[in-house]
Amino acid sequence: MLGEIISAYPRISIVAIGFVVTLFSMLVSKYVIDQNAMKELKDKHKKAQESMKAHKGNMDKMAELQKEVMGYSMEMMRHSFKPMLITMIPLLLIFGFIRNTFSQTSIATSWFWYYLVTAMAFSFLLRKPLKMA
C-alpha cells in the first residue's frame, strides 16, 4: 500500500519524507543540545569575529582572536556531534528505504535533489517555531 502511494505521488511523498526526517532531526537536536549554551557560544563567536574585523591591522591581536574564534567553533561542533550520532543510524535506514523505493518512480534520478531542497526549506521554516539557536 505504501509503495503504491509513493509510486503514484513520488514528489509529494519525498516532500512528506523530507518534512518528517527534518522534524525528527531538529527535535533530537533541540532536546539533546543545550540551546542556551549554544546561543551563548554563537554570540561569543560573533563578537570575536567582529573584534577581528576591528583589529585588522594588528597581527598579534588578530592571532589571539583567531585562536578564540577557533575555540568557539570547536565547542559548537562538539555540541553538534551528539545529536548526529543519535540520528545517523535511523537516517541511513531511511535513505536506504528512499533509494530503493524511489528507484522505480519517475524521479528515480533526482529524488535526492528533491529531498535536499525540501529538507533545507523545512529546516529554515521549523527553526523559529522550535526555538532553535
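This is a predicted model: local features need pLDDT of at least 70, side-chain atom pairs count only at pLDDT 80 or more; totals for chains, interfaces and linings use all residues.
Student: What makes Lys39 and Asp43 a salt bridge?

Tutor: Their side chains meet at 3.8 Å, N to O. The cut-off is within 4 Å between a side-chain nitrogen of Lys or Arg and a carboxyl oxygen of Asp or Glu, so this pair counts as a salt bridge.

Student: Where do Lys39 and Asp43 lie along their helix?

Tutor: Both sit in helix α3 (residues 35-54), 4 residues apart, which means about one helical turn separates them.

Student: Why is Lys39 called partly exposed?

Tutor: Its relative accessible area is 47%. Buried means under 20% and exposed means over 50%, so Lys39 falls in between. Asp43, at 38%, is partly exposed too.

Student: How do you know that Lys61 and Glu64 form a salt bridge?

Tutor: Their closest N and O atoms are 3.9 Å apart, and the limit is within 4 Å, so the pair qualifies. Lys61 and Glu64 are 3 residues apart in helix α4 (residues 59-102), about one helical turn.

Student: What makes Glu75 and Arg78 a salt bridge?

Tutor: The N to O distance is 2.6 Å, and that is within 4 Å, so Glu75 and Arg78 pass the test.

Student: How many salt bridges does a search of the whole structure find?

Tutor: The search finds 3.

Student: How does the radius of gyration of the chain compare with that of a compact globule?

Tutor: A compact globule of 133 residues would have a value near 14 Å, but this chain has 20 Å.

Notes. Residues are numbered from 1 along each chain as its sequence is written. Side-chain values use heavy atoms; hydrogens and water are left out. The radius of gyration is taken over C-alpha atoms; the globule rule is 2.2 Å times the number of residues to the power 0.38. Helices (H or I, at least four residues) and strands (E, at least two) are DSSP runs, numbered from the N terminus. Buried means under 20% relative accessible area, exposed over 50%, partly exposed in between (1.4 Å probe, protein chains only).
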